[in-house]
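Subject: Structure handover

Hello,

Here is the structure I promised to pass on to you. Have a look at it first, and then read on for my notes.

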Amino acid sequence: MKKRFTPETMKQITYVTWPVISKDGSRIAYVSYTAKEEDGSYPSRIHCITGKDGGKLCLTVADGSSAKQPQLIADEVQEVWLSGADGSSAKQPQFLPDGVQLACLSDQTGENQVFIKNLETGEMRQVTTLRHGIERYSLTEDGTRLVFEAVLWPEEIEGGCAFEEMDAGEKARWKEELDYRPYYITDLVYKMDEWHGMRKGEFSHIGIVNLDGSGQRLIDTGGMEAVYPAWSQDGELLAFYGYPYGGAKGRDAELFMCRADGSEVRQITRDAGLSADHCPVFMADGRSVLGMAYPDFGDGSCMLLPYLARLDEPERSGLLFEQWEENVCHGVYPLAAGRLEYGEKTPYFSLSPDGNYLYFISGFHGRTGLYRVRLPQEFAEGSRQECKAEGESRKRTDGAESMEAGTSSMPEIELVCQGATDLQEYALDSQGHLVTVMSSWTEPAELYLDGKKLTDSNPWLEEYELAPVEEHWIRSRDGKVELQYFLVRPVAGNAEGNPVTGADGHNDGAQAETDSHSDEMHAETGDLSGNRYPAVLDIKGGPQTMYGLAFWHEFQALAGAGLGVIYGNPRGSVGFGREFCAGGVCWKQEVLDDLLAMVDGAVGQGWIDPKRIGVTGGSYGGYMTNKLIGRTDYFAAAVTQRCLANTATSYGTGDMGFVSAGEIPKDFRMLDYLVDRARGNIISFIDHFKVPLLILHAYEDYRCSFEQAEQVFVAMKERNPEVPVRLVMFPEENHAMTRTGKLHHQIRHLQEMADWFTKYLKVEEDGEQDTAQTEPACTSQNSAEAEWISDERGSDLLHMDHSESKKMDKDGEKHE
Amino acid sequence: MSKRLPEFTDCQELERFNGGDYCEKRQLVCWASQKTGGIVLKDLKTGERQVITAGGPGEGNPAFSPDGSRMLFLSVVKGLGRQIFCYHLDSGELRQVTEVQGAVMEPLWSPDGSKILFSMIAGGASEEAGQAAEKRRPDEPVVIEDFGYKFDGMGFIRPDTHWQLFVVDSRGGSARQLTEGAFDYLHASWSPDSRTVVCVSNRFRSRQEGIGYDLLLLDTADSGKAARRLSKDYWIVSYPNPIRPVFTPDGKSVIAGVLDPEYAGKDHDHGYPEIYFYRFAVENGEAVPVFVSDENCYQCVQFPYNAGCGRGMDKVQISEDGKRVYFVSGWQGQGNIYRLDLAGDGHARLLAGGKQVYHGLSRVQNGTLMAAKSEPDLPEVYEILDAETGEILQRAAQSAEELFSGVQLGSPVDFSFETLDGESQVHGWVLPPQNREEGRKYPAILYIHGGPHPFYTYGLELEHQCLAAAGFAVLYCNPRGSSGYGWVHQNYARAVDGSAYYDLLQFVDEAVRRFDWIDGDRIGVTGGSYGGYMTNYIATHAKRFKAYVSQRSISNELISYASSDMQGQSKDFCSFEDFMVDQLKQSAVSYAERVDRPFLILHGTEDYRTPVEGAHQLFVALKDLHPELPVKMVLFPHTGHEQPQDARLQRLYYKELVEWFRKYL
């Protein structure tokens with residue numbers, strides 16, 4: 001008999017991330033996070049594994065056993081180092097060229113510093129001594145130096161204490177002093193959700209140090225924030241992202257280069273739309289740098305593409321490929337929503353060890369995988385002959401050699417690996433071995449080597465009844481597109497309160513669902529056909545993100561509470577080609593229609609009670625939740641999470657959307673602007689918010705500021721006093737709370753949501769429907785277009801927000 | 001000895017006396033000094049003073065027992081919070097009376113000295129619930145299901161925590177909770193027989209009636225007995241100008257302040273109603289007005305903007321024979337003590353007053369009482385007065401003596417003028433810059449008070465003195481909306497309909513006309529709260545000023561509607577959209593394109609009255625539209641709707657303020 005998945009179950013989750021493999025393939029390291037219940041934090045540990053004999057990894061993988069602790073399931077694999085025995089956290093492992101030494105960040109002296117672990121002698125020595133630790137670092141190819149990114153206060157640099165670590169007492173005094181320091185604000189872009197609001201003068205600097213700990217120094221960027229530094233292959237040059245602009249462009253990043261000694265700092269891109277969430281990569285010629293950019297296609301669509309910045313010929317800088325085959329994958333790294341993950345990730349693109357290919361993670365139709373594309377000729381035959389013969393086990397593309405950078409011919413993109421459905425990270429060694437972190441609907445991310453599972457980090461999950469997920473497609477109401485959506489069946493309890501799944505296990509999702517849980521579940525499945533269940537439409541944030549086919553504990557918890565879940569990718573989502581997300585469609589009528597079409601499709605499956613459908617979503621999903629209850633009568637209860645509701649007050653309180661992002665009209669009047677934002681606003685329809693509404697919002701949310709929640713709550717209370725409304729405020733958390741927040745906050749958040757729907761969708765223990773008690777709501781056929789309140793007035797206004805949304809997408813919902 | 005000019009750091013030297021009390025029989029006075037900490041006991045006969053505690057934050061509220069044998073006070077016990085202590089004046093023995101989880105407030109001797117009543121924020125149901133609340137994680141999510149979920153200075157209020165009343169034996173023992181439920185019980189007072197307590201409570205009001213309070217009677221001997229509602233059809237005064245109701249010595253009636261029934265709880269333009277005394281019969285709740293408003297004393301409370309005295313002291317006392325009520329009320333910038341004969345014609349008589357502010361009264365004993373007072377050159381003094389004649393018998397204490405003997409203070413000059421529309425008169429002051437040289441012209445700062453109902457007084461305002469010492473003339477006045485000048489002048493609508501704006505412009509004109517050393521081309525504007533609102537208003541409407549410092553301002557009414565602890569109402573609008581547009585039209589941020597002079601925003605990050613979100617939006621709007629204009633925002637942590645009190649932050653706060661004007665004037 002299996003247990004129900006509940007919000008509390010989250011306590012047991014171990015998150016696997018950051019896979020790296022030594023060049024010779026003999027060792028693999030990865031990072032795991034498991035929450036600490038006392039304070040809700042997520043300490044990180046590094047696992048380093050080899051073959052049983054300490055040598056190469058054996059690729060024969062046996063079935064896993066189920067122990068309590070995360071463990072390795074390959075028979076002939078042994079863990080040679082597990083950090084954290086002393087209670088400290090370690091992360092970001094990177095092998096040195098010898099494969100014996102491992103660099104990593106460890107907080108054993110207080111802050112995250114670079115340490116070198118010798119895996120043979122066990123010795124661990126400290127390299128850096130940054131006052132506030134290090135954010136990230138890159139090693140030179142020869143493994144003798146590293147460049148780091150570190151947050152510092154300018155006065156610390158002037159005062160000469162940037163490289164002096166603080167002891168506990170000193171740090172406590174410093175924190176107290178900092179706590180009582182005012183915020184001095186003179187720049188337009190002065191707060192970011194990622195910073196939990198505002199900074200007090202600190203920003204990221206870059207610096208270099210020799211791996212023996214000598215020569216620790218900062219690079220002078222003239223007071224400009226610098227992030228994500230990387231080396232050229234010869235270790236002579238550095239590339240990094242900088243923020244050179246003021247005003248509305250304050251968070252627009254550009255690529256910079258300098259010499260390894262910090263001289264000749266130069267900006268090498270201008271308005272390239274670069275996404276500074278990765279270390280740039282030097283091409284083999286050593287004179288050009290690859291980054292990733294969101295080009296302005298002019299139609300509002302969104303796709304991340306490789307961008308080549310040339311040091312010597314800036315006029316030839318531009319997209320690496322002018323065209324992109326959108327039916328293979330949606331650019332590079334479309335942002336995935338609804339996926340269980342935690343912590344920092346390894347880069348989502350890299351050059352192959354032989355220098356001929358660009359490997360990258362991407363996705364299409366909800367599935368993510370590792371792809372590769374052959375580099376243009378000028379880069380493919382480079383200085384890296386020694387690696388060239390390796391990795392030949394994979395199919396090569398004929399004709400790729402004829403391509404050149406910036407040519408208009410279509411590059412051929414190959415899918416290298418997809419696993420079940422979801423590939424999150426990867427690492428390659430010089431022999432073409434591939435380490436991946438992959439998950440599926442019913443299995444959280446685990447580590448794989450050449451497709452074979454190496455870890456079993458969440459063995460406890462076997463004791464739980466998991467709800468299977470089905471993939472469906474339906475034509476949009478306007479007939480223009482096919483819409484992908486997913487259904488999660490409730491895990492219904494039997495009389496003893498033990499779960500009996502209502503699923504019949506059928507699966508449109510092709511290659512999904514082949515893991516070992518399925519059979520067991522079938523064994524316990526009761527036939528509940530004929531019953532109708534309450535369900536929840538769960539709308540993702542973004543909007544330019546993609547719901548994938550990955551394990552998502554929130555769906556499991558809702559299903560465990562007896563609720564079905566409907567989720568999908570309406571227009572505005574990425575992963576379906578650019579046209580699917582173009583034209584600001586995400587703010588328009590089409591998205592409402594798309595979401596309702598999915599609900600109709602789901603109801604058509606026969607097991608959902610159309611009178612007991614709830615709606616929820618976070619961020620943009622919260623915005624859509626508000627919109628759906630304000631403009632339709634489809635839903636019987638709603639939970640709006642970290643929502644946007646009133647654009648007249650979100651201006652200036654959230655962290656994005658500025659008038660001066662464009663040219664300010666000469667006769668501009670702020671009153672007109674704000675009135676425009678007020679009219680046709682979500683909250684304009686507050687008098688139509690007639691279903692029980694739960695508002696979940698973090699107090700330090702600077703993307704959709706907490707005042708947005710208050711706008712909804714106070715207006716609800718005042719104008720719809722008869723409707724149940726509840727606001728739960730989460731202190732000390734930001735917009736990313738459900739991903740990076742403290743464990744007890746994440747649990748409470750999910751529990752509040754499950755409880756609200758359980759209460760107002762009247763979940764019955766035995767799954768019997770009780771229509772007499774349900775809230776009056778229209779059936780799905782009843783939604784007719786006639787009932788729509790015209791969106792036209794709002795659409796212009798909302799279109800203005802589109803730049804916001806794109807930013808939200810880029811910066812905010814990355815963790816979403 | 002030559003005196004030096006005051007500096008902003010001197011603001012930290014203010015002792016901020018708390019809870020002064022007077023024991024006539026033994027000729028003792030006591031108080032707590034918030035600066036130095038510690039409970040001070042002073043013998044009026046010898047002038048000797050004794051500090052009887054080590055001092056520390058939270059120490060305060062000393063009070064002599066009715067028989068003069070003991071003195072109670074509050075002091076923090078680690079792990080518990082603020083507790084009641086008792087000091088035996090003869091033996092010097094010190095004893096902790098309470099041992100409760102939470103912060104004890106407002107301890108009150110019963111008339112027979114056997115019990116002590118106190119209030120504490122606690123769970124509605126029981127003490128245990130309160131204790132459970134204390135033990136939660138500090139980052140526990142807050143569940144909000146009704147209005148009134150946050151309050152400036154207190155943060156987010158968890159719905160199961162309210163002001164409850166407790167009673168404890170004055171010799172110690174366990175405290176007993178007298179009240180319960182999700183309601184507040186405030187401003188309690190003992191009956192003469194030490195059995196019954198009268199308090200002010202929202203027990204019988206809905207949350208929507210935000211300031212709706214009734215008088216309740218509680219039987220302290222019989223906790224099973226339900227609270228009795230003494231007043232029914234009246235709004236008893238509480239926030240922001242609480243009066244502790246008093247029993248008459250015969251125990252048959254209670255005198256309490258009531259919001260003018262003509263306006264209380266009704267929609268009208270005037271803002272906060274006037275407060276009148278009523279006598280409530282204990283037997284049947286029958287209410288009789290005992291006060292008649294006239295041109296000398298038009299209401300029974302005062303709302304001085306700058307009275308540095310009287311913290312933790314009562315504002316109303318009754319004579320020992322029960323025939324008279326003593327109270328403070330504001331008039332023309334003065335805060336005076338009035339006496340009201342309960343058997344008389346209802347017109348109050350001036351007992352003591354003048355160009356100063358009385359703002360706290362101790363019990364009347366043997367025909368004398370102690371009063372707290374601010375003078376033009378002293379922030380707080382305690383005086384013993386003859387309750388019959390108002391004659392000052394003795395100065396009992398003065399705060400920050402050393403500071404004020406050593407600094408050279410300027411003398412404000414006051415004048416009045418008739419408003420342009422002829423409706424009222426505006427009274428204002430000009431504080432000249434220090435060490436003014438003949439023939440030289442000086443920049444000036446128009447400093448606008450908050451509220452708008454409070455009024456500037458003749459009392460010392462050290463911040464103004466520091467600005468004058470920095471070389472500025474300080475112009476401040478009581479425009480329409482200010483209280484203390486009668487009902488017509490106090491009209492709230494006039495504070496926001498442009499009348500007050502023109503009052504201020506006219507005041508500046510008058511000041512420049514009267515004092516030719518004011519440079520009319522170098523005038524800056526500042527103010528906090530309503531003063532910040534008005535600063536924003538002026539910056540978006542006027543062209544004559546050269547720099548602005550907007551302190552804890554309101555810039556978007558729509559943000560305040562939902563995020564202020566005094567949430568607004570949209571009910572007059574059948575369309576919420578129309579409501580939003582209306583709010584935006586009334587908001588300074590909507591006119592941000594008009595601002596054309598250097599603009600500094602100072603705001604506390606924990607301001608729940610004028611939410612800090614409004615400051616964010618105003619800053620962004622100004623910076624967004626005027627990239628070249630000097631615009632700056634400085635946000636102060638650990639600061640609510642006030643200027644920061646923490647020394648480190650306060651120093652930086654004033655530095656920003658004065659430097660901005662130095663730079664741009």
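B:Pro240 sits in the loop of chain B that runs between strand 19 (228-229) and strand 20 (246-247). The peptide bond that joins B:Tyr239 to B:Pro240 is cis, with omega about 0°. Please keep in mind while you look at it that this is a predicted model.

Chain B has another cis peptide bond for you to find, this one from B:Gly451 to B:Pro452, where omega is near 15°. B:Pro452 also belongs to a loop, between strand 34 (442-448) and helix 3 (462-469) of chain B.

Two residues with positive phi are worth a visit as well. For B:Arg552, which is not a glycine, phi is near 35°. You will find B:Arg552 in the loop between strand 37 (547-551) and helix 7 (557-563) of chain B. Is B:Arg552 buried or exposed? A residue counts as buried if 20 or more other C-beta atoms lie within 10 Å of its own, and B:Arg552 has 30 of them, so it is buried.

B:His638 is not a glycine either, and its phi is positive at about 55°. Its loop lies between strand 39 (631-636) and helix 10 (647-664) of chain B. With 14 other C-beta atoms within 10 Å, B:His638 is partly exposed.

While you are in chain B, look at B:His268, in the loop between strand 21 (253-259) and strand 22 (275-281). B:His268 has 13 other C-beta atoms within 10 Å and is therefore partly exposed. Along the chain, B:His268 and B:Pro242 are 26 residues apart, and 22 Å separates their C-alpha atoms.

Now to chain A. An open sheet there has four strands in the order 2-3-4-6, with antiparallel pairing. Its edge strands are strand 2 (14-21) and strand 6 (77-82), each of which pairs on one side only. On average, neighbouring strands of this sheet are turned by 30° against each other, direction ignored. Strand 2 of chain A pairs with strand 3 (residues 28-34) of chain A through six bridges, in the antiparallel sense. If you want a residue pair to zoom in on, A:Thr17 has A:Val31 in strand 3 of chain A as its bridge partner.

Finally, the two chains meet: 49 residues of chain A are in contact with 51 residues of chain B. On the side of chain A that touches chain B, the elements that give two or more residues include strand 13 (183-185), helix 10 (670-678) and helix 13 (743-760) of chain A. Which element gives the largest share of that side? Helix 11 of chain A does, with nine residues. By class, this side of chain A has 27 nonpolar, 10 polar and 12 charged residues.

There is strand pairing between the chains too. Strand 47 of chain A and strand 11 (residues 142-144) of chain B run antiparallel and are joined by three bridges.

Enjoy exploring, and write back with any questions.

Best wishes

Definitions and conventions:
Residues numbered from 1 in each chain as written. Chains lettered and ligands numbered in written order. Predicted model: local features only at pLDDT ≥ 70, side-chain atom pairs only at ≥ 80, totals over all residues. Pairing = 2+ DSSP bridges. Axes fitted to C-alpha atoms, helices over the stretch in contact; angles between N-to-C directions. Buried ≥ 20, exposed ≤ 12 C-beta atoms within 10 Å, placed from the backbone. Contact = placed C-beta atoms within 7 Å. Nonpolar A, V, L, I, M, F, W, Y, C, P; charged D, E, K, R; others polar.
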